[in-house]
Amino acid sequence: MRNFAIITDSSTDLPKEYFNEHDVDCVQLGFTMDEVTYGGEDGAEMDVKEFYKRLRAGSMPKTFQVTPEQAKKHMVRYASEGRDILVLAFSSGLSGTCNSYRIAAEELTEKYGVKIFVVDTLCASLGEGLFVDYVIKKADEGVTLEETRDFAEELKLHICHFFTVDNLFHLKRGGRVSAATAVLGSMLNIKPVLHVDNEGHLIPIGKSMGRKKSLSALVEHMEKQQTLEEDEPIFISHGDCIEDVEYLKSLILSRFGDRKIFVNEIGSVIGTHSGAGTVALFFRGKQR
């Protein structure tokens with residue numbers, strides 16, 4: 001039984017059941033689409049399949065981060081009971097969410113006299129989910145809050161993120177590729193390969209001709225970077241393209257043998273920026 005609370009956010013792209021099973025508080029980021037607000041504290045709900053259906057039909061969602069007030073609302077549940085808190089925050093390189101946690105933590109630490117540590121995971125999607133999973137397992141060994149925080153800080157630059165997208169439009173919209181690159185790449189069927197760097201930013205690191213070659217490139221990066229023991233998990237997230245995930249899984253199993261592979265869809269907040277057809281591969285490695 002942990003003597004401190006763990007808080008993270010929905011950008012982990014973990015299923016709701018995971019948070020219930022592992023006693024983790026999940027703060028909801030949100031988005032607006034077709035003039036309706038979803039997620040956050042009071043927004044409507046939208047099935048992820050419906051989200052990608054609308055995205056493919058041309059809807060243009062916009063995301064919003066966790067606010068200090070929203071973060072404080074979750075933290076005060078534990079701080080008011082005298083419980084210390086460990087926050088595992090969405091990458092500061094992609095969102096202001098981490099800073100919102102820090103603002104709330106400073107206020108509540110002073111008010112309630114508890115310890116609140118905010119870890120900038122520098123991770124996103126199921127990369128953040130994988131990071132959270134490792135940290136929870138460490139916490140459940142019965143270690144202290146400080147030991148868990150130190151473990152998390154040491155781990156975060158070993159969570160590798162490699163992904164490819166099917167459509168360059170959303171990367172262009174987010175400023176990751178130029179308009180000319182997006183048009184030419186789409187015409188030539190060029191699929192970029194990207195990763196999340198040590199500052200938590202999305203960075204293009206290569207390109208492949210065609211979908212299958214781009215998926216193979218993810219596994220090639222994994223071969224170079226991974227330091228996995230046989231029982232350690234591999235996480236894959238996707239933007240409504242399970243057939244491509246099955247192909248990627250077959251490549252992994254053929255090269256690495258039987259492995260624990262967890263798959264989930266990329267949620268609406270991350271999916272707004274990555275687009276439908278994104279496939280992302282996450283694992284522990286020697287470096288990012």
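This is a predicted model: local features need pLDDT of at least 70, side-chain atom pairs count only at pLDDT 80 or more; totals for chains, interfaces and linings use all residues.
Strand 11 (residues 234-238) runs antiparallel to strand 13 (residues 279-284), and four bridges join the two. For a landmark I noted Ile236, which has Leu281 of strand 13 opposite.

**Helix 9 against helix 10**

Then I moved on to a helix pair. Two packed helices are described by the angle between their axes and the distance between the axes, so I looked up both. For helix 9 (residues 211-225) and helix 10 (residues 242-256), the axes come within 10 Å and cross at roughly 40 degrees. Angles under 35 degrees would count as roughly parallel, so I wrote this pair down as oblique. As for the hand, the crossing of helix 9 and helix 10 is right-handed.

Who touches whom? From helix 9, I listed Arg211, Lys212, Leu215, Ser216, Leu218, Val219, Glu220, Met222 and Glu223. Their partners in helix 10 are Asp244, Tyr247, Leu248, Leu251, Ile252, Arg255 and Phe256. I sorted the residues of this contact by type: nine are nonpolar, six are charged and one is polar.

Is Gln70 buried or exposed? Its relative accessibility is 7%, so I have Gln70 down as buried. Leaving aside neighbours within four places in sequence, I found Gln70 in contact with Val27, Gln28, Gly40, Glu41 and Gln65.

Lys72 also has its place in helix 3. I wanted to know why Lys72 is listed as buried. The relative accessible area of Lys72 is 17%, and the cut-off for buried is under 20%, so Lys72 counts as buried. With neighbours within four places in sequence left out again, the contacts of Lys72 are Ala104, Glu107 and Leu108.

Conventions:
Residues are numbered from 1 along each chain as its sequence is written. Side-chain values use heavy atoms; hydrogens and water are left out. Two strands pair if DSSP finds at least two bridges between them. Buried means under 20% relative accessible area, exposed over 50%, partly exposed in between (1.4 Å probe, protein chains only). Contact means heavy atoms within 4.5 Å. Axes are lines fitted to C-alpha atoms, for helices over the stretch in contact, and angles run from 0 to 180 degrees between N-to-C directions. Angles under 35 degrees count as roughly parallel, over 145 as roughly antiparallel, 65 to 115 as roughly perpendicular and the rest as oblique. A crossing is left-handed if the near helix is turned anticlockwise from the far one by less than a right angle, and right-handed if clockwise. Ala, Val, Leu, Ile, Met, Phe, Trp, Tyr, Cys and Pro count as nonpolar, Asp, Glu, Lys and Arg as charged, and the others, Gly among them, as polar.
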